[in-house]
Each structure stands twice: as C-alpha cells, then as structure tokens.
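Please keep the sequence and the model open side by side while reading.

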Amino acid sequence: MTSVSSTSEFHHEHHFKSADHQYASSKQGIWLFLCTEILMFGGLFVGYLIYHSIYPTVFKNGSHSLDWKLGAVNTVVLLISSFTMAAAISYVQRGVHKLASIMLILTIACAGIFMVIKYFEYTHKFHVGTIPGKFSLVDPTCAAGGKRATCETKIAALLKDPKALEANHVHGEEITKLKAIISQPKWEMFYGFYFVMTGLHGVHVLAGMILIFWVLIKNIRRKVGPEYYTVVEGVGLFWHVVDLVWIYLFPLLYLVG
Amino acid sequence: MSSTQTKTTHSHVAHGDNYLNHSSGLWSWLTTKDHKRIGLMYFATVATLFLIGGFFALGIRLHLAKFGSTPLLDPDTYNKFMTFHGAIMVFMVIIPGIPAFLGNFVLPIQLGAKDVAFPRLNLASYYIFVAGALLAASSMYFNQVDTGWTFYTPYSTAKTGNGVILLVMGAFTMGFSSILTGLNFIVTTHKLRAPGMTMDRIPLMIWALYSTSIIQILATPILAITLLLLAMEKTLGVGIFDPDLGGDPVLFQHFFWFYSHPAVYIMILPAMGVISELITAFSKKTIFGYRAIAYSSVAIAAVSFLVWGHHMFVSGQSTFAGIMFSVITMLVGVPTAIKLFNWISTMYRGTVTFEAPMLFALGFMFLFTIGGLTGVFLASTGMDVHFHDTYFVVAHFHYVMVGGTLMALMGGIYYWFPKMFGRMTSDLGGRISWVLIFTGFNVTFFPQFILGAMGMPRRYFDYLPEYTNLNQISTVGSWLIGLGFLVGLITIIHGIVAGEKASANPWGAKTLEWQTASPPPHENFLETPKVTAGPYDFR
Amino acid sequence: MSWITSYPATTFMPIQATEIAKEVDLLYAFLIISSLISFVILIGGMTWFLIKFKRSSVDQKSAYITHNNFAEFLWSFIPLVIMMVIFYWGMVIFEKLRVPPTDIAAEIHVTAEQWAWTYKYANGKEFYSSANDPLVVPSGKATKLILTSKDVIHSFFVPTFRAKQDAVPGRYTQIWFEPTLPGDYIVFCTEYCGTKHSGMMIKIKAIPSEEYAAWYHAESKGADTPADKGKVIFAQRACASCHSIDGSRIVGPTMKGLYGNARKFADGSTAKADDQYLRESILVSTAKIVESYAPAMPLFQGQLTDEEVENLIEYIKTIK
C-alpha cells in the first residue's frame with residue numbers, strides 16, 4: 001500500500017521501552033477514562049429508569065412532546081460523524097493526510113449540525129415552557145414552601161394566549177400534547193432528566209469538537225502519522241463513546257412513549 | 001532487558017545529581033513531570049489543607065467543652081465549622097493523602113519504572129486538585145455551607161444558601177483528580193513493571209494502591225453525577241431529590257453513599273499498604289501471607305460497592321434491603337481481619353525495632369482494631385438503630401480514618417522521608433509526636449463511644465448537662481493531638497532543612513526504592529532493575 | 001426544666017425503658033465482650049510478640065515464614081462465623097424494632113419541621129412541641145407513630161427505647177414502642193436539619209393505660225376525628241362514584257377491608273395496603289394498578305393537602 005510520506009518524527013517518551021509500549025499503555029489509559037464516562041452517564045440512566053417506572057404517564061407525555069424526527073436526524077448525523085472519524089483515523093494511520101483532514105472537518109461539521117438542531121429544540125422548549133423546575137413557572141419564586149401546586153406554569157399561560165401561540169408556531173397537535181403534559185402532576189420530572197441528560201451529552205459533543213479540531217491541527221502540521229497516531233485514535237474512541245451515549249439517549253427519551 | 005540510561009546520566013549522578021537538584025527554580029517545580037516532585041507538591045498542599053481542617057476541629061471541640069458560661073460559637077457558625085471540618089478532611093486530606101502524595105512518590109520506584117505511565121496527566125491531576133480545593137474553599141468566603149459533608153437533600157437543595165454549589169463543584173473537580181490519578185496508577189502497574197517483576201512480586205503497597213485505583217475509577221463518576229444533579233437542583237430547580245417536584249430525598253442518599261462508601265476504602269486501603277511495608281521493614285521479616293493480603297485488598301475493593309445501604313438502615317429503606325446490606329457488610333470484615341492477623345504474624349519470630357515509623361504502624365494496629373471492631377457494632381442492624389447518627393459513629397470513623405489512615409500516613413512520611421529528601425528526621429521528634437498523637441487521640445475519641453451509647457446525637461450544637469464531663473475530656477485530648485502534630489511538623493521541617501545525611505537504605509528494607517540512592521536520581525534508577533524474587537526477602 | 005432530670009444517664013447505656021431495649025443491650029454486651037476478647041488476642045498477642053521478638057543485636061536474623069494455610073483458614077473462618085452470628089442476632093432484633101405488633105393501643109401522626117414536632121391523635125386533637133406539650137402515650141401498651149416531615153429530613157430517636165426512625169418529607173415512615181413503665185423519656189432529633197437541630201428535643205410522657213384512656217376520651221369531646229373529616233372528603237371528591245364501601249365492584253376496587261391487607265397488581269407484584277401505599281395510590285394512582293382494573297383514576301397530587309390525605313387514610317382504615 002502506498003502511503004503519502006509522512007514527515008513526522010516521533011520519539012517515544014523516555015519512561016517507555018518502545019513506541020509500541022507507549023501506544024499500548026496509552027490505549028489502556030484511554031479505555032479506563034472512557035469507562036468512567038460511561039459510569040457517569042450510567043448513574044443518570046439509572047435515575048431515569050427509576051423515575052420512568054414510577055411515573056410512566058409523565059414520561060410518555062414528555063416523550064411525545066419531543067420531535068422524534070429531529071432526534072432521528074441527530075442520530076444519523078452522529079453515526080455519520082463516527083464513520084468519518086473512523087475514516088480519519090484510518091487515513092492518518094496510512095499517512096493520507098489530506099483526506100484525513102477532510103474527514104476530520106466533516107466530523108466537526110456533523111457535530112455542528114447536531115448542536116444546531118439541539119439549539120432549535122432547546123429554544124422551542126424555552127418558548128413553550130416545557131422546562132424543568134422552578135423556571136417552568138410564570139413566577140419562579142412561587143414554588144417555595146410546598147405551594148407549587150397553586151402556581152401557574154408558563155405552558156398554562158401560553159395556552160391561554162392565542163397571539164403567543166401563533167408567535168411560537170404552536171398548533172393543533174402540539175396544543176393537545178401540551179394540555180396532556182400539564183394535566184399530570186410532576187410533569188417537570190421528565191424535562192429535568194431530558195435537559196440534564198442531553199445537556200451533559202451536549203457538553204461532551206462540544207468537548208469532542210474541540211478535541212477533534214486539535215487533532216486536525218496536529219494532522220495539518222504532520223505531528224501525527226503512521227508512526228504516531230495514538231492521540232487521533234484516543235479522540236476517535238472518545239467520539240465513539242459520545243455517539244454511543246446518544247444511541248441510548250435517543251430511544252429512551254424520544255421513542256419510549 | 002537493556003537499560004536505556006545514557007552515559008550522560010551516569011556522570012550526572014556520580015556528581016550527586018538527584019531529582020531535587022536536577023533542575024532549579026519555582027517554575028521547574030510548577031511545570032515538572034517528575035512523579036516525585038508532583039508527590040511533594042501534593043504533600044505541601046494536603047498538609048496546608050489539613051491544618052485548616054484541623055483548625056475547624058479544634059474550634060468544634062473548644063465550643064463543645066463548654067468551659068465558659070456562654071457558648072463559644074453561635075449555632076450557624078458551629079454548623080459551618082462542622083461542615084468544613086468534614087468536607088476538608090474527607091475530600092482534601094484523607095482521600096488524596098496517601099495515594100497522591102506517598103503513592104505518587106513511591107509507586108513507580110517500587111515497580112522499577114522511571115515514572116508513571118502519563119506524567120503530564122499526573123501534573124494535570126495535581127492542578128485539577130488545587131483548582132477544586134480552591135473552588136471548595138471559596139465557599140468559606142460565601143459562608144453558607146452548613147449541610148454537613150454529606151449534603152443531604154432537601155436541606156441542601158431547598159433550605160440553605162448557594163455556598164453549597166461552590167463546595168459541591170469543588171468536590172466534583174477534585175473527583176476528576178482522583179479518577180485521573182487512579183487511571184495513571186493502574187496503567188503504570190500493568191505496563192511499567194521492571195523485567196522479572198510479575199504481579200505476585202509487586203510490593204503490597206502497590207497492591208493496595210492498585211485496589212484503591214480500581215475503586216477511584218469505578219466509584220468517583222457516581223459522585224460526579226450526584227453532585228452535578230445537586231448543583232442542577234439548586235441552580236435550575238431540576239427536582240430529582242425534591243419531594244415538592246416529585247423527587248425522592250432518599251434517592252440522594254443512595255446515590256451519595258454508592259460513592260462514599262467505596263470512598264472510605266479509598267481512604268483505608270493505601271494505609272494498609274503502608275502498614276504492610278512498615279511492618280516487614282521493621283521486623284526485618286518477610287510478610288506473612290502475601291497472597292492473602294494482596295487478594296484481600298482486591299476483595300475489599302470489590303465488596304465495598306455492595307454495602308452502601310448500611311448508612312441508611314433508618315432512612316426509610318426497606319427492612320429487607322437493610323438486612324442484605326448488613327450481611328454483606330459483615331463479609332467485608334473478614335478480609336480486614338485477615339490482614340490484621342497477617343501483620344501480627346509477620347512480627348512473630350521477627351527482629352523488631354521501634355523507630356518512629358514502626359511506632360506509627362503499631363499505633364495503627366491498636367487504633368484500627370478498635371475502629372474496625374466498632375464497625376461490626378454498626379453493621380448489625382438491630383444495634384445500629386440505637387447508634388446511628390450518634391457520637392458512637394463519630395468515634396468509629398475517627399478511629400479508622402485518623403487512627404487508621406492518618407497514623408499510616410505519618411508512619412509512611414517518617415519511613416520514606418530519607419528517600420525523599422536524602423536526610424534523616426530526628427527519631428526523637430517523631431517519637432514524641434507519636435506519643436502525643438496516640439495518647440491524645442484515645443483521650444479525644446474513646447469517650448465519644450460512651451457519649452454515643454448514652455444517646456448523644458452527632459452534629460449537635462448544644463447538649464444535655466450529663467454529657468458535659470466526657471465532652472470536656474474529649475476536648476483536652478484534642479489539644480494533645482494538636483500539639484503532637486505541631487511537634488511532627490517541626491520535626492519534618494527540621495529534617496528537611498538540617499537533617500543528617502541519609503544512606504540509600506537506612507532501614508535495611510528490601511523493596512526496590514531502597515536499592516537506589518537517597519534522594520533518587522531524576523529517572524529513579526541508574527539502570528533498570530531486574531527482579532528475581534519477591535519483595536520482602538530478608539534471608 | 002425538671003423533665004431533663006428524669007433522664008438518668010448514670011450508666012453507659014440509658015435505662016431500659018422497653019423490653020426490646022433489654023434485648024438490644026444483650027446484643028451490645030455480647031459485642032463488647034467479643035470485641036474485648038478479639039482485642040486482647042490481637043493487640044495482646046502483638047504486644048507479646050513485640051516484647052519477645054525485639055531485635056537484640058544488629059545482625060540478628062529473623063525466621064523465614066511465608067504463610068500457614070491452616071492458621072489462615074482458622075482466622076478467616078472463625079471471624080466469619082462470629083460475624084454471621086452477630087448479623088443474625090441483629091437481624092432478629094431489627095425485625096422486632098421495625099414490625100409493630102397487631103394490637104396497637106395508640107396510633108399518632110407525628111410531623112417534624114424546622115424545628116418542632118406536631119403530634120396528632122386519632123381523636124383529632126393536636127399537640128405542639130413548641131408549646132412544650134409532651135407526647136402522651138400509654139405505658140404497658142404498644143404505640144405506633146406515623147412520621148413525616150414538612151420540610152427537610154429529621155429523625156425521631158428515643159435512646160431509652162433504643163428506637164430511631166427518620167422523618168422524611170413526601171412520605172410516611174413508622175416507629176413503634178411499648179414503654180414498660182410510666183415516666184418521661186427524651187426524644188432527640190438525630191438527622192441534621194439546620195440551626196436548631198439540637199434544639200428540638202421533646203419528651204414522651206408515658207402514663208398508665210387507664211389514665212391514658214381517660215385522657216384520650218376526655219380530649220376528644222367536641223373534636224372531629226380525622227376519620228370524620230376523611231369521610232367528608234371521600235364524599236366531596238366523589239370517590240364513592242368509583243370505590244364502594246360495601247364490597248361491590250364499580251370502576252375501582254372496593255374500600256371495604258382494604259387497609260392492612262395484601263394487594264395484587266397488574267404487573268404481578270404485590271404489596272401490603274399500608275399508609276404509604278394508600279397515600280401513593282391517592283396521589284399518583286398510576287404508580288400501582290390493581291390486577292383486573294383499568295388505570296382510570298385521576299391523580300390528586302397537588303389537589304389534596306397532606307392533612308386531607310391523612311384524614312382520608314384514617315377514614316379508609318375504618319371501612320372494614
């Protein structure tokens with residue numbers, strides 16, 4: 001296999017016996033770190049499962065209020081990004097730097113699309129009032145001292161105001177869904193989990209974008225290549241885990257109703 | 001296996017080059033990748049935090065002694081002292097203390113390696129720790145954390161000020177330091193052992209640090225998500241633990257203790273590793289039951305994940321769950337007992353000397369035995385109903401954390417001091433420090449077992465008159481402890497500055513760190529050692 | 001405050017005010033004695049070794065002993081057995097502490113808040129720790145307390161009874177005891193709850209059961225019991241349109257004979273119809289659906305106050 005000549009000169013760290021030794025150790029370290037990421041999200045998943053089983057209707061309604069089509073697009077986008085990431089790693093390993101850069105840029109672009117879609121999802125929720133906790137109330141200070149049941153929610157206020165409904169593009173089917181949502185006590189619980197889980201995931205997508213950009217620079221400067229590609233693989237593995245977490249989030253949040 | 005030392009290094013070392021004078025200036029320390037220097041930086045930071053935590057402890061005890069006619073502190077201030085004492089000691093002293101300081105220094109050398117697997121990550125761990133500590137400490141300025149170090153909801157979410165968020169995010173940050181250190185140690189142990197050093201030839205200190213690292217990796221992420229959820233609940237009102245929003249306050253306790261119980265084994269396992277080293281070195285005898293001690297460390301790490309509910313017997317948890325947690329907790333006592341028996345058997349037909357490090361090891365044996373036995377009282381559900389949240393629990397955990405971990409840390413400091421600094425401490429200073437700490441500790445905490453049996457609850461700003469005498473005795477003990485640590489601090493500083501020069505192996509021990517110079521060269525060894533036998537062969 | 005002096009603390013353990021306290025103390029004595037023996041074996045043995053095997057000369061050699069399978073087995077197995085005995089003994093006592101007897105002479109709702117307690121009796125009378133009211137209970141008979149909290153977690157600890165239970169907001173927990181003799185018994189809050197955590201002590205005043213009966217019925221003149229109030233709510237909220245009280249089936253299960261009996265649910269699980277279950281079913285009916293019924297009941301979370309729920313439960317208890 002011909003490879004574009006790589007001009008990276010690579011010296012392994014002094015405390016390792018060889019480049020292979022360093023590579024194997026680094027991989028082990030990266031996998032251990034990824035285990036901790038999975039455990040952290042795992043804690044959230046366990047919390048989600050517990051509350052889902054206690055309040056099934058709340059979670060069904062909440063899930064219906066999410067646009068599964070947008071979620072599906074996001075899933076496909078992330079899957080594509082995982083593919084482009086893997087391709088990038090492969091190109092770096094073979095010294096095909098220009099294609100590697102293109103693949104890395106495509107990965108970042110996919111991540112960007114994901115974040116943009118999430119932005120639209122989030123802002124719509126803020127406008128409509130399907131948000132957790134005290135900010136779902138017209139007056140956030142109202143809930144203190146166990147008097148929450150008497151406080152007016154933003155959703156209720158919205159449903160009473162035809163002008164606002166128009167301005168936020170809230171129509172027939174969505175109005176029905178909103179009514180169903182606020183008919184259930186403790187409906188905010190679903191959105192608590194939605195925002196924390198997707199929010200934490202989103203933070204990891206952003207971190208991934210930064211890391212992939214960093215690897216892109218390294219590739220452009222030919223600091224990575226067939227002799228040394230550990231950091232590319234490491235970031236790639238991180239990105240795959242981020243994708244994997246979404247693969248679980250999507251059905252649990254969007255499809256389970 | 002060939003050594004990768006160069007001729008240059010040889011001649012440097014011949015001129016007395018070691019890691020301390022390898023490069024100079026503050027910047028060379030702050031940007032070091034040398035695990036030895038990083039270990040010492042942790043030492044300085046943790047020691048400072050210990051003094052702050054100790055200040056709060058002395059304040060608590062002075063207040064509780066009721067020597068004057070008016071209380072020393074008002075209730076809110078007392079509750080803040082109580083919180084900061086716990087939070088600082090747990091998150092900033094006892095959890096990082098041995099692994100980040102002694103572990104960082106000793107682990108690579110004991111393995112015959114040049115450094116840990118990821119030196120830059122090691123430095124990053126240190127700075128993450130400092131950042132977390134500063135963030136947590138800033139909550140003292142905002143002055144509103146009075147939840148106790150356990151942050152139970154809904155008090156911490158709904159009823160107290162926003163200082164909690166800072167403290168909790170500080171602990172969250174320090175958690176990452178813990179995870180990354182654990183990760184580093186595991187890969188180092190797997191990948192950087194010297195030729196001939198199989199896993200059944202590594203020192204027991206390494207087995208202890210290795211087991212600890214497993215817990216750090218698996219448990220700390222749960223703390224991370226728990227504290228994050230707590231912060232979210234306070235800032236955004238996301239009601240997962242708030243009953244008003246459909247949440248469950250007891251769920252917080254489950255999440256919290258799922259980390260915090262394994263955390264106490266993060267605290268004690270490295271201490272047990274130190275004790276193994278000290279007892280063999282000062283009995284000049286091979287460790288009794290190497291396999292048993294090694295495997296019991298891993299067993300304790302594994303089982304520690306299954307017992308968290310023993311903190312929650314009266315919380316509203318079901319009777320069945322309580323019983324399950326109780327029986328598994330009893331099981332965890334067995335590997336611990338095995339270690340105690342093995343250590344004592346090591347002394348049998350050994351040739352024992354009583355320098356300061358050994359005194360601290362023996363102090364550990366005495367105090368940890370009491371702490372461990374009283375743990376059995378608390379593991380028994382019927383008994384725990386009476387003792388839960390009383391001073392009996394306070395006495396129990398101080399016996400194991402201070403009488404256990406802190407004693408081992410002190411013993412480890414005196415033991416490895418010659419290796420770290422190339423000088424000897426005054427053994428007399430160490431012994432005086434030990435007498436004061438050991439005596440003071442018992443005077444402070446043994447009465448608290450009695451107070452607990454009598455029913456005095458913990459975290460109490462004020463108490464009934466019949467508890468006064470024992471509280472006063474306890475306070476006097478705390479002064480002895482303070483004095484003991486002061487003597488210790490002076491001894492250590494004096495040793496650094498003016499101690500007599502140390503040889504490579506002043507204790508005549510057998511592990512690899514004693515086969516290199518004191519202090520060691522920058523890359524630990526002149527030539528990569530080749531290992532042909534177990535770590536404690538005194539024949 | 002003379003009631004403090006009725007709390008003798010002359011021994012390491014408080015007085016044994018209930019039969020169970022005596023059992024707890026027996027286990028405690030066993031634990032102390034076995035700990036002492038273990039301590040003497042371990043530390044005494046260690047001290048003896050330290051004396052006997054003190055290094056006498058610089059080049060003295062130690063023995064070389066790596067392990068001893070038999071000894072290691074013994075000191076693993078024997079502690080294991082002892083710990084299992086302790087576990088079992090503790091479990092037996094725990095069950096007794098947790099499971100109240102069937103003949104309860106008094107059932108009182110105790111609500112904790114920062115920083116006081118409220119006690120509500122079945123006759124409708126309420127008492128307040130903030131008014132220095134004691135918690136009056138009969139001696140020689142069993143009392144059960146249903147605990148909850150209005151704000152944060154508190155805990156109800158009676159050292160002389162060796163009994164303790166957390167009071168958790170948003171749910172009910174329970175504790176029971178039977179003081180053998182009349183007297184005053186102190187109660188501490190023992191879950192940190194803020195500024196006056198150490199300032200919400202109350203006393204339980206146990207009086208002979210005949211006196212208690214007289215006091216109880218005297219108090220009830222002119223007061224609507226919680227069960228009476230619950231009956232009104234049951235009618236006002238149209239519960240009867242789906243739930244009968246005579247055993248017949250309408251839309252939902254009958255209330256007759258419900259309390260205290262086992263329920264089987266659509267997903268196959270079972271539970272006992274206790275206070276916690278009733279509360280949950282009233283507020284969030286979808287959490288557990290009884291076998292063969294549809295999930296048709298509206299949710300009342302946020303529409304009934306805690307007090308109304310308690311009253312309903314008291315009423316349901318009377319439907320036998």
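Predicted model: local features only at pLDDT ≥ 70, side-chain atom pairs only at ≥ 80, totals over all residues.

Asp389(B) is found in the loop between helix 13 (381-387) and helix 14 (391-421) of chain B, where helices (H or I, at least four residues) and strands (E, at least two) are DSSP runs, numbered from the N terminus. Although Asp389(B) is not a glycine, its phi is positive, at about 60 degrees. With 23 C-beta neighbours inside 10 Å, Asp389(B) counts as buried; a residue is buried if 20 or more other C-beta atoms lie within 10 Å of its own, exposed if 12 or fewer, and partly exposed in between, with C-beta atoms placed from the backbone.

Residues are numbered from 1 along each chain as its sequence is written, and chains are lettered from A and ligands numbered from 1 in the order in which they are written.

Arg222(A) lies in the loop between helix 8 (188-220) and helix 9 (230-255) of chain A, and with 15 other C-beta atoms within 10 Å it is partly exposed.

Two cis peptide bonds may be taken next. One joins Ser518(B) and Pro519(B), with omega at about -10 degrees, and Pro519(B) belongs to the segment after helix 16 (468-498) of chain B. Another joins Gln114(C) and Trp115(C), with omega at about 0 degrees; here Trp115(C) sits in the loop between strand 1 (106-113) and strand 2 (116-121) of chain C.

From these details we turn to chain A as a whole. Chain A has 9 helices and 0 strands, and its pattern along the sequence reads α-α-α-α-α-α-α-α-α. Its radius of gyration is 23 Å, well over the 18 Å that the globule rule gives for 257 residues, so chain A is more spread out than a compact globule; the radius is taken over C-alpha atoms, and the rule is 2.2 Å times the number of residues to the power 0.38. Along its principal axes, the C-alpha trace of chain A spans about 70 × 35 × 30 Å. Buried residues make up 42% of the 257 residues in chain A. Of the contacts in chain A with a separation of 6 or more, 78% are between residues 24 or more positions apart, two residues being in contact if their C-beta atoms, placed from the backbone, lie within 7 Å.

Chain C has 6 helices and 12 strands. In chain C, 35% of the 320 residues are buried, and residues 24 or more positions apart account for 64% of the contacts with a separation of 6 or more.

Within chain C, an open sheet of 5 strands has the order 4-10-9-6-7, with mixed pairing; two strands pair if DSSP finds at least two bridges between them. Strand 4 (135-139) and strand 7 of chain C stand at the edges with a single partner strand each, so one side of each is left without a neighbour in the sheet. Strand 9 (residues 183-189) and strand 10 (residues 202-208) of chain C pair in the antiparallel sense over 5 bridges, and Gly183(C) stands opposite Ala206(C) in strand 10 of chain C.

Which elements give two or more residues to the side of chain C that touches chain B? The contact takes 71 residues from chain C and 72 residues from chain B, and the elements of chain C concerned are helix 1 (19-52), helix 2 (69-98), strand 6 (154-158) and strand 7 (163-167). Helix 2 of chain C gives the most to this side, with 16 residues. The residues on the side of chain C that touches chain B divide into 40 nonpolar, 19 polar and 12 charged, where Ala, Val, Leu, Ile, Met, Phe, Trp, Tyr, Cys and Pro count as nonpolar, Asp, Glu, Lys and Arg as charged, and the others, Gly among them, as polar.

The contact between chain A and chain C takes 7 residues from chain A and 6 residues from chain C. The side of chain A that touches chain C divides into 4 nonpolar, 2 polar and 1 charged residues.
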